[in-house]
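Let's take a friendly walk through a protein model together. Have the structure open beside you and look for each part as it comes up.

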Amino acid sequence: MKHEPAPGGPGRRDEAGAGELPGAPEVPGLPVLPGFREMALRRMSDERRRLVADLTDQRRSAGLSQTEVAARMGTSQSAVARLESGDADVRVSTLERYAAAIGSQLAWQTQPGNPQAGLGQEDR
């Protein structure tokens with residue numbers, strides 16, 4: 001007996017559209033915001049880059065090398081360089097370890113936001 005993939009299975013895009021996670025539950029009564037996931041990922045990436053840039057500036061101000069920070073974190077200098085590039089999708093725990101290694105700490109804060117804020121014309 002040949003197995004046929006279920007509708008919406010891997011490799012198939014239904015009316016959910018590009019960028020939506022396969023198998024993501026639909027919430028009745030909530031509108032679908034085209035491009036929201038991509039916009040949110042861009043915003044998170046921009047905020048993460050700013051955070052990493054701030055931490056990197058703090059490391060330099062403290063007179064610490066990447067090698068010294070890596071030793072304190074128990075990792076390699078190249079891993080610290082990748083983190084500081086801002087391109088890596090870094091775990092929060094790694095950012096916390098990096099902050100501790102440079103004598104800093106991360107503070108958490110949430111802010112209510114407008115789900116439409118930051119959506120450009122092309123995303124609406």
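Please keep in mind that this is a predicted model. We begin with a pair of charged side chains: Arg 59 and Glu 84 form a salt bridge, in which the closest N and O atoms are 2.6 Å apart. Arg 59 belongs to helix H1 and Glu 84 to helix H3, so this pair ties together parts that are 25 residues apart in sequence.

Are these two partners buried or exposed? Arg 59 counts as buried, at 6% relative accessibility. Glu 84 counts as buried too, with a value of 13%.

How many salt bridges are there in total? The count comes to two. The other one to look for joins the side chains of Asp 89 and Arg 48, with 3.6 Å from N to O. Asp 89 sits in the loop between H3 and H4, while Arg 48 is in helix H1 (residues 36–61), so parts that lie 41 residues apart in sequence are tied together by this pair. Asp 89 is exposed, and its relative accessible area is 68%.

Now let's turn to how the helices pack. Two packed helices are described by the angle between their axes and the distance between the axes. Here are two pairs to find in the model:

| Helix pair | Angle between axes | Distance between axes |
|---|---|---|
| H2 (residues 66–73) and H3 (residues 77–85) | about 105° | 8 Å |
| H3 and H4 | roughly 110° | within 12 Å |

Sorted by class, the contact of H2 with H3 has five nonpolar, three polar and one charged residues.

The residues of the contact of H3 with H4 divide into four nonpolar, one polar and one charged.

Which residues of H3 are buried? They are Ala 79, Val 80, Leu 83 and Glu 84. Seen down the axis of H3, these buried residues fall within an arc of 135°, so they line one face of the helix. Just after H3 comes Gly 86, which takes a positive phi of about 80°.

In helix H4 (residues 92–101), the buried residues are Thr 94, Leu 95, Tyr 98, Ala 99 and Ala 101. Viewed down the axis of H4, they fall within an arc of 160°, so they line one face of the helix. H4 is followed by Gly 103, where phi is positive, near 80°.

Our last stop is Leu 106, in the segment after H4. Leu 106 counts as buried because its relative accessibility, 19%, is under the 20% cut-off. What does Leu 106 contact, leaving aside its neighbours within four places in sequence? Its partners are Leu 51, Leu 55, Leu 95, Glu 96 and Ala 99. Take Leu 55 as one of them: Leu 106 and Leu 55 are 51 residues apart in sequence, and their C-alpha atoms are 9.5 Å apart in space.

Technical notes
Residues numbered from 1 in each chain as written. Predicted model: local features only at pLDDT ≥ 70, side-chain atom pairs only at ≥ 80, totals over all residues. Heavy atoms only, no water. Buried < 20%, exposed > 50% of the residue type's maximum accessible area, 1.4 Å probe, protein only. Helix = DSSP H or I, 4+ residues; strand = E, 2+ residues; numbered from the N terminus. Arc of directions from axis to C-beta. Axes fitted to C-alpha atoms, helices over the stretch in contact; angles between N-to-C directions. Nonpolar A, V, L, I, M, F, W, Y, C, P; charged D, E, K, R; others polar. Salt bridge = Lys/Arg side-chain N within 4 Å of Asp/Glu carboxyl O. Contact = heavy atoms within 4.5 Å.
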